[in-house]
Amino acid sequence: MRISLLAVFTLLLSQLLISQEASTLREAFLDSEVNGYFRSFYSYSDNDEGLKDFSALGVGGKLGFETKRYKNFSVGAYYYSTFNTNITDLTKPDPATGKLSRYELGLFDIHNPSEREVSYLGELFISYKNKGHFFKIGRQSIRSPLLNIQDGRMIPTLHQGITYKNTSFDHHKFSSGIINAVAARSSNGYKAVNECFGVYSQGLKPSGGVSDYRNHTQSNFLAFFNWSGLYQNMKIHFWDYYIDNVSNTAMLTSLFELGSDSSTYKPYIGAQFIRQDRINYGGNKDPDKRYFDQDESITYGAKIGLKRGDYSLTLNANHITDQGRFLFPRSWGIETGLFTFQRRERTEGMRDASNIMIQLAGMHQFKWGGKVNFDAAYGRYYRSEPNDPLRNKYGFPSHDQMTFNIGYHFSGYLDGLNLQLFVLHKPNRGNTYDNPNFILHKVDMTVYNAVVNYVF
């Protein structure tokens with residue numbers, strides 16, 4: 001049975017209005033906190049020789065409010081928008097492949113390249129907070145290892161549902177939720193869960209040929225659960241994502257600090273295990289229209305790192321076994337939970353693949369109040385051949401990836417303003433078979449992003 005969140009939201013709002021006098025409600029709204037941000041995002045993709053380069057400039061932001069709490073309740077709403085300044089024509093594809101821009105068009109609506117403006121009510125919620133318990137119902141932003149806002153374009157990914165967090169215990173935290181609609185990044189508003197498979201690309205079936213699960217996946221909701229525990233120097237995080245009638249993904253991550261609290265340098269190690277299992281028919285009885293078209297998949301991870309104050313150096317590795325492809329809808333979030341995650345890189349769709357990555361990250365606070373943060377990473381991503389769809393859903397060759405990100409946060413009169421520069425370079429390390437479809441937006445490319453954010 002479908003969950004009508006609109007009906008539940010309306011009922012809770014009416015009860016909130018009825019349960020308090022008009023003057024109290026008026027005070028709660030008059031004391032609302034108005035906030036948001038303005039964003040300018042420039043992106044340029046320098047592709048391999050013979051392939052088209054792309055560039056775009058988007059401007060937009062977020063504006064909304066959240067009321068002051070009354071009897072532990074509050075109401076919030078946020079409107080998101082992005083506008084294409086049209087410095088180049090994103091409706092013109094690369095002549096060699098017939099493909100449009102990947103990163104630049106992602107600042108707007110990938111399904112409507114001629115549409116210059118995208119805007120919608122991204123968040124609309126009622127929340128309740130009391131003694132370590134926090135409930136939220138409606139449209140909202142979620143942060144988790146696989147289900148998250150993936151805020152690397154103009155409008156982030158947002159989710160509609162009911163979520164709960166419990167922080168009332170000293171060394172244990174719990175969270176859970178049920179999601180019935182998603183507003184995917186680089187699209188135009190909310191869609192029901194069953195319409196959110198294959199929003200970006202469907203990839204290839206294991207047997208070859210383009211997958212056909214878009215609008216054919218039979219699923220009504222996603223449910224997730226998290227437990228995080230702290231035992232002396234060890235942190236443990238368990239996440240479980242249950243996609244109705246499709247799959248279940250269980251992720252266990254542990255981090256262990258080897259140094260004492262008084263140590264200047266704090267080494268630590270980490271381990272990770274991810275198991276995925278098919279639920280029922282994996283989305284559809286017809287194998288040609290099935291999203292989770294396998295029985296299971298297994299992923300392992302390991303990490304070793306060193307911390308000193310606000311600086312850290314880590315060596316990370318992940319391996320997907322040959323039991324199945326790692327599958328999770330890309331439109332629902334980025335893979336921040338994987339040890340080897342890098343911006344503009346995905347592991348989803350891979351089987352019998354290995355990643356290794358080293359990363360340096362840090363933050364420095366200046367005496368005048370300004371702050372700079374940075375991270376630099378180098379990774380090598382070993383893939384099966386791009387013409388092997390059983391093990392390589394999207395046809396990516398093996399490659400290296402180098403990323404550098406630096407941001408400066410102003411203080412004083414310019415408090416709230418921050419500037420960010422991001423550079424990505426992906427040299428090819430595998431076979432492309434002289435096929436430009438294995439190169440464009442995948443390897444032998446450099447991406448430059450310059451972002452201005454003003455948060456208020």
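## Cavities

The largest cavity has a volume of about 80 Å³. In this predicted model, local features need pLDDT of at least 70 and side-chain atom pairs count only at pLDDT 80 or more, while totals for chains, interfaces and linings use all residues. Residues are numbered from 1 along each chain as its sequence is written, and side-chain values use heavy atoms, with hydrogens and water left out.

A cavity is a set of points, on a 1 Å grid over the protein atoms alone, where a 1.4 Å probe fits but cannot get out; lining residues have an atom within 4 Å of a point. Grid points are joined across faces, edges and corners, and a volume is the space filled by probe spheres set on the points. The search of the whole structure finds seven cavities of 30 Å³ or more. Fifteen residues line the largest cavity, and Gly-198, Ser-201, Pro-329, Arg-330 and Tyr-394 are those nearest its centre.

## Charges over rings

Two of the residues nearest the centre of the largest cavity, Arg-330 and Tyr-394, also form a charge-ring arrangement: Arg-330 lies over the face of Tyr-394, at 4.0 Å from the ring centre. A charge sits over a ring if NZ of Lys or CZ of Arg is within 6 Å of the ring centre and within 35 degrees of the ring normal. The charged end of Lys-136 is likewise placed over the ring of Phe-125, 4.2 Å from its centre.

## Nonpolar cores

A nonpolar core is a set of buried Ala, Val, Leu, Ile, Met, Phe, Trp, Tyr and Cys residues joined through side-chain atoms within 4.5 Å. Buried means under 20% relative accessible area, exposed over 50%, and partly exposed in between (1.4 Å probe, protein chains only). The largest core has 31 residues, of which Leu-147, Phe-197, Tyr-241 and Trp-332 touch the most other members. Strands S7 (172-183), S9 (222-231) and S10 (234-243) each supply at least two residues of this core, and S10 gives the most, with three residues. Strands (E, at least two residues) and helices (H or I, at least four) are DSSP runs, numbered from the N terminus.

Apart from its neighbours within four places in sequence, Leu-147 is in contact (heavy atoms within 4.5 Å) with Ile-142, His-159, Ile-179, Leu-222, Phe-224, Tyr-241 and Trp-332. A second, separate core of 11 residues includes Tyr-78, Val-118, Ile-155 and Ala-183.

## Aromatic pairs

Over the whole structure, 20 aromatic pairs are found. Rings of Phe, Tyr and Trp (its six-membered ring) pair if their centres lie within 6.5 Å; planes under 30 degrees apart count as stacked, over 60 as edge-to-face and the rest as tilted. The pair of Phe-29 and Phe-65 is tilted, because the ring centres are 6.3 Å apart and the planes stand at 50°. This pair links distant parts of the chain, with Phe-29 in helix H2 (residues 22-30) and Phe-65 in strand S2 (residues 54-66), 36 residues apart. Phe-29 is partly exposed at 39% relative accessible area, as is Phe-65 at 27%.

Phe-366 and Tyr-408 also form a tilted pair, with ring centres 6.3 Å apart and planes at 50°. Phe-366 lies in the loop between strand S15 (353-365) and S16, whereas Tyr-408 belongs to strand S17, 42 residues apart. Both residues are partly exposed: Phe-366 has 25% relative accessibility, and Tyr-408 has a relative accessible area of 22%. Elsewhere, ring pairs link Phe-197, Tyr-213, Phe-224, Trp-239, Tyr-241, Tyr-291, Phe-328 and Trp-332 into a cluster.

## Selected buried and loop residues

Thr-299, in strand S13 (residues 296-308), counts as buried because its relative accessibility is 1%. Beyond its neighbours within four places in sequence, Thr-299 contacts Gln-272, Phe-273, Ile-274, Asn-318, His-319, Ile-320 and Phe-326. Ser-384 occupies the loop between strand S16 (371-382) and strand S17 (399-409), and is buried at 13% relative accessible area. With its neighbours within four places in sequence left aside, Ser-384 is in contact with Arg-351, Asp-352, Arg-391, Asn-392 and Phe-396.

Asp-352, one of these contacts, is a residue other than glycine with a positive phi near 55°. Asp-352 is found in the loop between strand S14 (311-320) and S15, and is partly exposed at 35%. Gln-232 also has a positive phi, of about 55°, although it is not a glycine. Gln-232 is located in the loop between S9 and S10 and is exposed, with a relative accessible area of 78%.

Key: On a 1 Å grid over the protein atoms alone, a cavity is a set of points where a 1.4 Å probe fits but cannot get out, and a pocket is an open set with protein on both sides within 12 Å along at least five of seven lines; lining residues have an atom within 4 Å of a point.
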